[in-house]
Structure formats: C-alpha cells, structure tokens
Amino acid sequence: MNIIPFLQASVVLAATLVATPVLQAADDLVPRRTASTLAAPLLRAAPQIDGDLGDAAWKQAQPLRDFAFGKGVRFQTEGWVARDATNLYFAARCYDDNLKALVTANEGMALWKNDCIELFIVPRKEELFTGHFVVSCEGKIAFKAWAKDEWGEPTAGRRLPIACVAGREKDAWTVEVAIPLAIFGDALDLGRPWALGFNREKQNTPIEVSSFQGSFNTPTEYPDLAFDGRSVLVDGLGLRNIGNAPQQVQVTIQSRSEGAAVGKPMALTLPAGERVALPWQAQTAGMKAGEVFTVRTVESGGRLLVAEEYKLVEPTCPPPVIDPASVPPPRFVKTVLDDPNFFPISVWLQPAGVATMFKAMGVNTFVGGCDSYPSPRGKDFFDLLHAQGLVGLAVFNAENLAARLQDHPAFIGWMEGDEPDLSSPATGQVTRSPEEVLAIFKEARTVDPGHRFYVNLSQAVGQENFVGSAATPEQLPIYARYCDILSFDVYPCNSVQPNGPDRMYLVAKGIDRSRRWSAPGTPVWTWIEVNQIQGLGRAPTPDEVKTQIWMALVHGATGYGFFCHSWSAAFFKEHMGIESGFSQTAISKPMIAALTTINAEVKALAAVLNSPTIAGGTQVSVTQGSRVDAITKAKDGSIYVFAVNMYRKPEAATLTVKGAADGVAEVLYENRTVAVKGGVIVDAFAPYAVHRYKLTAMGVK
C-alpha cells in the first residue's frame, strides 16, 4: 500500500493465503531467455508492407519465438527481423482470443497503452542512441530515435516516413514495419553488432506483457543483432538454416547449477530452409524454477555461432473463473466499525511497539503489521493493541488464519495485501488481477463471514495517469466490487508531478471515484502523507495535511490513515541529525503535535461525520476563481457544514445552507462566529483553508 513503486521492495508484506508452491519439474516450467544473438539477414527482395505475413521474404528473416517475462505468458508472439540496403524490416504475429477488445484509444508515444509491440533498436550497442518505436495493432507508429552529432552526442534522428500496416488473422493481429536505417544517421557501422529489444503489450483483458529477451527500455538486457551474413539462425529453442545448402553444427545444452555435469555435444544436420527443434526438455529434466541452462551452437569449423542462456520460470496460469455472485453473503459481527461515535484513524504497517505513541496522537486503528516484524506477531501483536484500546486489520493468509486472529477482540477485518493494481517489477502486469482479488475475497468471506475485507488501491485512483499502475481504466473499478472497505493512496507533495502541492484536490477526486465504483454504503478510506517519503517531492506542511484530510472528509471519506515510512536522507538529516536511514515511524515533532490536534477535532465530530449526508444541503458560489466544496450533516438539532478551499488561491465564498435559521454560526476550532441570514453565510477562505460551521436548524432553538 502507500508505497510508491520504487519503494515497494523495501516494505515487508505478508504473503497471500495461497501457500508457497512446490518447485515444479522442468517439464512444467517455461524457459525465459536471458542471453542470445539474433541476425538481420540481407534480403534478396523486400517484403510488401501490407499486414499479410505470407510474403516469401519472411522465410529468409530472423524469427523470434518463445516470448516470456517474469513468468511464461498465455498469449504468445512471433516476430521477424531482416534488412536490405536501406531499411530494417520487422513483422509480428500477436496471438489474442478477443480481437474485438483490442485497445486502440491512445495516440502518439502513448500508443504503448494500446495493444502494440515496442521495438528498442540500439545501434552499435551504444545505449545513448537507443531508438524506441511503438507500433500499435492498428498499424500506427510513434518513435523517438537518436543519431550522433559532431560531438558524438545524441541528437534527434531524422523524421523519415516509416511504412507500417496492420492485419488480422483468425486468432491474432499482425503488423509489418519498414524502418529506414537513415533515421539513425548516415555513417552507420553495420560491422559491429547492434542490440534489439522486441516486446509486446497486450492491453485487453487479461493484460499481459512479454518480450523475446529483456525488459522494456533496458538495452543492456537485449540480444545482439548481427549483420554478418550467417545462415544458421536461432529460432526459439531451435535452429533454422536459411541458406541454400545443409549445415552441420554441434549443440551443447547444460545446466549451470552448481556441480552440474558438462552437457554432451550433439551433432545436428540442418537441411536448407528448415528448422530443427532442440531437445531442451530432456536435457533439463529435474531442474527447478530459477535454475539456468545454456545452449551453445558451434559451426562445423569450430567457430562459436551463438551462446544462449535461459532461466526456468513458472508458467502463467489462467486466472480463476469465479462468479462474483458465488461469494457468500456477510454475517458481520459487531465491532467498533459499527459504533456511530467511532471514526477510523489509522496507520499503515506499524509495529505494535509504537502503539502508545500513535494512541496519544489520536490513532485508533492499525492496518497490517502483525506479521511484518519479528516481534510481537500474530496474537501477541493484537494483545498489545487491545491493551491500548486499539484495533487492527490483518493480511488474509495462512499464518494469520492459523493464529485464529478473527477471534481476537482487537481484530476488525482482513486485508488483501496492498495495491494489487500496481505494475509488478517481475512481469509488468498488475501485481494481482481483479479475478485473483475476487478469489481471495471469496475465500475470506467463506472462512470468516463475520469480518470485513479491505482492499487498498494505488495512486491511480486519484491520479489517473499514474504510471505505476498497470490496471486499465476499465479494470481499475472492478477491484472496488470485491471488498467491504475500499481504500487508496495519493501523496500530492511527495509523488504527484508536476506541481503536486498545488494539486492536493486529487485526494478528493480519489474519494469521489472510490465512492462511485463501490457498492452503496461501502466505507471508503484514504492514506495521507506526513513526511518526505523518499528523495522526490517534499514533505507536506501540517496545514497541508489538515487540508488533505478535510478534502477527503468533505467528499465523503469514512476513514483515513497515515503513511509514516521514510527513506528520505533530507528527513533524517533535518530531524534526526544523521545522513540517511529508514524508519517506518518517521514523523517530526511538529507534525506529531499537528496530527494530535487534527485527529482530536475529527474524533470530537465522529458522530456528526458518521451521520447521513444531507444531499444538496449547501450550495456554494465563489467570486475569485477558486473552488470551495462543502458537505452538510445534521445532528441533535444542529446543522454542520464542513467546507474546504480546494485550490491554493484565496476565495470569498457564499454558502447557502438549506434549513438554516437566521442568527450566527459557530466556526468550530477558530474561536469566531459568522452571520447567517436567509440561510446564507459569506466567509473568506485563505488558500486551502478549512472551515467547519455549526448552525441552528430552522425552527429549532
């Protein structure tokens, strides 16, 4: 949760309920290529760029097969590359079982968000000059390429026309591309190997990314691209002879496991124009996931033709097919979440040893943490919370189920883990699909129908173009259906670029979207930044934290919490006198004092905040170009109006409150009043100001 993607690895999250799988035998595993050499054969005749892969030229091209990524992929891709004197030629066949759902809405360099292939061409293997070409399933292309200037520095490559046409087959879309070599400059050296990244983005459900070798935009991971006129080419885990005569080669397949015996060379005859598959399964029998094997191919004269390396990875299994209607109905037991005087104020993934400090700040709920630290864990963790009068949620996994945490008086619910919509560093896909979250939700509801199930999503809820999320706009709302409490995080001052501190309204936007996606009555929470999390952005001020909290509340949040982890050298230098460090409880003394006051005010208004919202209760008009949002509540004969200036600019606002009596309204926690006449309040709002009014209802004294 709450951790921007490049920090995820630093936080220990508990595993899901699914037990650690038994290592699979090699015949169940998928080889992921980590080293190889490709060729760009010189064609006798160029292919016709028409989207039809039946052109004879592709039979003389370098094939690319057996795509994978962090795991094997369900939807394979076939690629080809070749050249003539003026162009590099590429073709792809991208298998898909739902061509009608191909994503095509994006343009320009955002074509990568469509179903597409991405080519990374690295002349002379010099990373500074990598060309990036995005080719969509509709035959559109966008690119950035670099050539050398007189200093040997990158300058924009020539914007030459690129021929690109897409086609359709029964279960695949196809594309052919001709990229002029002159884009990369006039004095190209084809005597040195280049490098080529050939990747695919499958954006329609189920989302999947794959590559021939390496990751996206990682030139050092790509295979060499040779221009040496060879006729024996790598063809997946096989070899192809594109020459006019048979070729003799020796192939050695061996494990790189410690103590492994050297593989015995196999003599192969490659007929002209034919492919010969390599018996890699037999040679790797008994190997485990994560182990590596190599394939060395030597020409008849003894020259090493290509040395390949593969890591065995697990296959990608189809997501479980679960009918959402099959999720058992809840039979919630009564907890503090049902108390109208309780408003959840939480912290993320904290050890129980700091419970006293957080309780003094007004925190009442711990989200996660019971299995993230050596001690105390499990029941002991919840015992300590209970002793402080606090409650908590725990990750739904085997350890916490075995401890019967659901029976503990401080336990109020299960949680999925964190941010399933984030892009997995291993696969580039969502960390956990909505279907996988649904499976966990169903299991949790089956095992324990008495407690709520919590899901936290990423910044993409509030910041729609957040690059860390791999979920599509259509996919993201589906997560909201598979939980009993929905949450998200967005950290304007730390993580939103550009001008994050001037876009704090993204907190409110996230609440609006969460409420719109989730079932009526679903509690919606959010996470608030309290420090500088890492080296980007800056820490929020106490006033900015107050504004973010009340933006959320005014838009209907029914809980909030604080993300207190920090890896920021600036924070540690300023507040702890050391150069760097990490702390999960990195809160400055001024921020602690501010949070104590803010939380005390919210807790005093808990019964009001938990009361029904009066729809259309307050109409707001402004005169200075800002925006003031308000929410209206009624409690014990009084009307409450909570209002926030959503922008960092001053405003004079007129608030017309339905049902308000003439007189004065108390402005809570400001030691002042304002006049009310005809239900109208006129008040000044400083940038990001928060005002909370208590009015007498009409006819009630």
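**Figure 1. Y560 and F562, a pair of buried aromatic residues.** Y560 counts as buried because its relative accessibility is 0%. F562 also counts as buried, at 0% relative accessibility. The structure shown here and in the other views is a predicted model. A search of the whole structure finds 27 aromatic pairs. Y560 and F562 form an edge-to-face pair, with 5.7 Å from centre to centre and 70° between the planes. A pair of aromatic rings is described by the distance of the centres and the angle of the planes.

**Figure 2. The aromatic cluster that includes F381 and F382.** Ring pairs join F358, F366, F381, F382, F396, F411 and W414 into a cluster. Among the 27 aromatic pairs found in the whole structure is that of F381 with F382, whose ring centres are 5.7 Å apart and whose planes meet at 65°, so the pair is edge-to-face. Both F381 and F382 are buried.

**Figure 3. The barrel of parallel strands.** The barrel is closed by 8 strands, in the order β23-β24-β25-β26-β27-β28-β29-β30, and the pairing is parallel. From one strand to the next, the twist averages 30°. Strands of a sheet pair through backbone hydrogen bonds, either parallel or antiparallel.

**Figure 4. Strands β25 and β26 with helix α3.** Strand β25 covers residues 391–395 and strand β26 covers residues 411–415; the two pair in the parallel sense over 4 bridges. L393 stands opposite G413 in β26. Helix α3, made of residues 378–387, lies across β24 (365–367), β25 and β26. The helix runs at about 160° to β25.

Figure 5. Helix α8 spans residues 506–517, which is 12 residues. At 1.5 Å a residue the helix should span 16 Å, and its end C-alpha atoms are 16 Å apart, so the two values agree. The buried residues of α8 are L506, V507, A508, G510, I511, R513, S514 and W517. An α-helix has 3.6 residues a turn, so residues three or four places apart point the same way.

**Figure 6. Charged side chains over aromatic rings.** R32 lies over the face of F69, at 5.1 Å from the ring centre. In another such arrangement, the charged end of K202 sits over the ring of F75, at 4.5 Å from its centre.

**Figure 7. V234 and its contacts.** V234 is part of strand β16, which covers residues 232–234. V234 counts as buried because its relative accessibility is 3%, and the cut-off for buried is under 20%. Apart from neighbours within four places in sequence, the contacts of V234 are S36, T37, Q62, P63, L239, V306 and E308. P330 lies 96 residues from V234 along the chain, and the C-alpha atoms of the two are separated by 56 Å.

**Figure 8. The protein chain as the setting for the close-ups.** The protein chain has 12 helices and 38 strands. Its C-alpha atoms fill a box of roughly 100 × 55 × 55 Å along the principal axes. Of the 701 residues in the protein chain, 55% are buried. Among contacts in the protein chain with a separation of 6 or more, 67% are between residues 24 or more positions apart.

Note on methods:
Residues numbered from 1 in each chain as written. Predicted model: local features only at pLDDT ≥ 70, side-chain atom pairs only at ≥ 80, totals over all residues. Heavy atoms only, no water. Pairing = 2+ DSSP bridges. Axes fitted to C-alpha atoms, helices over the stretch in contact; angles between N-to-C directions. Contact = heavy atoms within 4.5 Å. Expected span 1.5 Å × (residues − 1). Buried < 20%, exposed > 50% of the residue type's maximum accessible area, 1.4 Å probe, protein only. Phe/Tyr/Trp six-rings, centres within 6.5 Å; stacked < 30°, edge-to-face > 60°. Lys NZ or Arg CZ within 6 Å of the ring centre and 35° of its normal.
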